[in-house]
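The questions below concern how particular terms apply to the structure shown here. Each answer sets a computed value against its definition.

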Amino acid sequence: MTDATDAVTTLTPRRNPKPEAKTINGRELKPSTLMMGHGYDPVLSEGSLKAPIFLTSTFAFENSAAGKRHFEGITGKRPGGAEGLVYSRFNGPNQEILEDRLSIWDGAEDALSFSSGMTAITVMLLAYCNQGDVIVHSGPLYAATEGFIAKVLSKYGVTYLDFAAGATRAEIDAVLAAAKEKAARQGGKVAMVYLESPANPTNALVDVEAVKASRDAILDAEVTPIAIDNTFLGPLWARPLDQGADIVVYSLTKYVGGHSDLVAGSIAGAKRWMDPVRALRNTMGGITDPNTAWMLMRSLETVELRMERAGKNAEKVCAFLRDHPKVEGIGYLGFITDPRQQDIFDRHCSGAGSTFSLFVKGGEDAAFRFLDNLKIAKLAVSLGGTETLASCPAAMTHLSVPDERKAQLGITPNLVRISIGIEDPDDLIADFAQALDAV
Ligand SMILES: *Cc1c(COP(=O)(O)O)cnc(C)c1O
């Protein structure tokens with residue numbers, strides 16, 4: 001019999017007594033297999049098959065020397081960094097298991113979890129920016145990200161330049177070269193190239209391979225990481241680290257959480273890119289709480305199943321909507337018409353996702369009538385949940401965007417944003433059919 005106290009105080013996913021199989025006869029196990037057990041050994045928790053939720057603010061040291069050793073690591077007096085668990089603002093067993101499992105999906109060395117997607121994004125940007133630095137970003141970005149860069153970081157002397165999500169290598173080169181000059185004038189560096197793909201709601205894809213080639217040619221790859229918000233297609237349909245991005249960013253609130261019942265975020269990449277962000281997270285706070293981390297571990301067990309089903313559903317629904325007489329057009333990655341965008345899709349994506357734009361014939365009136373008549377699909381912002389959601393960006397999420405910018409981005413009053421869930425696809429088609437009939 002294990003002593004209960006010993007079992008609990010020594011638990012850390014880094015100290016598995018039973019070596020974990022990640023390959024069998026040379027076969028590398030797939031993420032969907034590893035989600036059931038990676039980073040957790042029941043032996044350490046009374047045989048509990050599932051990881052318990054560790055509701056504690058602090059962790060007991062085995063002895064004083066172990067306590068000193070930890071702080072030598074955290075303060076840099078001893079190389080190698082901190083070991084083990086000490087205080088819940090820094091980490092905890094649930095968060096560490098979650099982070100280990102998140103890294104697997106993107107093929108990353110390390111990951112960090114946060115209390116929201118925006119906490120992940122803001123702490124990461126703050127960790128990389130000094131006064132005088134320049135951020136280059138693709139546009140448009142998630143509105144809060146764009147606002148943080150333009151309105152908050154600018155208060156601390158950090159400026160930005162942007163290029164359109166669909167930009168060519170030559171256009172990207174021009175912006176990176178201009179950013180390098182601007183940074184030199186301001187006495188700073190280009191702190192980060194920050195991407196979001198596909199852009200919302202235009203669905204324009206960023207050519208990550210072109211951005212990497214441009215960064216490597218114009219900037220110092222050791223100084224300026226490429227980060228990308230992969231919330232719309234990750235972790236199943238896009239793996240941007242494979243195309244040369246350094247850091248992948250998620251709102252876990254969406255497909256990864258997947259049940260519209262939690263808010264969380266993460267970043268993943270090489271440990272050297274994670275370390276400065278971890279240090280700032282230790283200072284500022286913002287790590288996921290243990291309960292949310294546990295819910296995300298449950299979500300990760302079904303993320304592939306859910307995303308596959310949602311993707312198939314979206315394919316069927318979009319095929320129905322495409323030729324409907326009340327539909328003016330549809331912005332879905334399965335129906336790309338631009339050959340350059342199709343080329344990026346073929347190189348970067350393994351699926352078209354389940355979030356798309358539907359243009360209902362008519363104006364705001366027509367869009368509202370369609371939305372108000374839906375019986376299965378819920379009228380709400382957000383995406384990536386088990387249930388189908390629909391909203392009207394021009395009147396809701398993008399209401400504050402100036403009209404000129406809205407027109408430029410194609411955010412028309414008749415644009416409806418739809419995120420398809422895992423319901424029966426023919427039920428969804430019946431719902432969209434009757435709501436369009438009511439327009
Ligand atoms: C929702 C979202 C975010 C913000 O995430 P929160 O979890 O709501 O903080 C960032 N980027 C994209 C693309 C999103 O959809």
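**Terms and values**

P290 is found in helix α10 (residues 290–322), a helix being a DSSP run of H or I of at least four residues, as a strand is a run of E of at least two, each numbered from the N terminus. The model is predicted, so local features need pLDDT of at least 70 and side-chain atom pairs count only at pLDDT 80 or more, whereas totals for chains, interfaces and linings use all residues. Residues are numbered from 1 along each chain as its sequence is written, and side-chain values use heavy atoms, with hydrogens and water left out.

Q: Why is P290 called buried?
A: Buried means under 20% relative accessible area, exposed over 50%, and partly exposed in between (1.4 Å probe, protein chains only). P290 has a relative accessible area of 17% and is therefore buried.

Q: What is P290 in contact with, leaving aside its neighbours within four places in sequence?
A: Contact means heavy atoms within 4.5 Å. Apart from those neighbours, P290 is in contact with I53, F54, L55, N94 and Q95. P290 and E96 are 194 residues apart in sequence, yet their C-alpha atoms are 9.8 Å apart in space.

Q: Why do R347 and D207 count as a salt bridge?
A: The term requires a side-chain nitrogen of Lys or Arg within 4 Å of a carboxyl oxygen of Asp or Glu. The N to O distance for R347 and D207 is 2.9 Å, and their side chains meet in a salt bridge. R347 lies in helix α11 (residues 339–348) and D207 in the loop between β6 and α8, so the pair ties together parts that are 140 residues apart in sequence.

Q: What separates R185 and E181 in helix α7?
A: R185 and E181 are four residues apart in helix α7 (residues 169–186), which means that about one helical turn separates them. R185 forms a salt bridge with E181, the closest N and O atoms being 4.0 Å apart. Both R185 and E181 are exposed. A search of the whole structure finds 18 salt bridges.

Q: What joins the side chains of R417 and N200?
A: A polar contact of 3.1 Å joins them. The term covers a pair of N or O atoms within 3.5 Å; within protein, one must be able to donate a hydrogen and the other to accept it, and residues adjacent in sequence count only if both atoms are side-chain atoms. N200 is also joined to P201 by a cis peptide bond, with omega about 0°.

Q: Why is N25 called exposed, and S260 partly exposed?
A: N25 counts as exposed because its relative accessibility is 84%. S260, at 43% relative accessibility, therefore counts as partly exposed. N25 has a positive phi near 50° in a residue other than glycine, and phi of S260 is likewise positive, near 50°.
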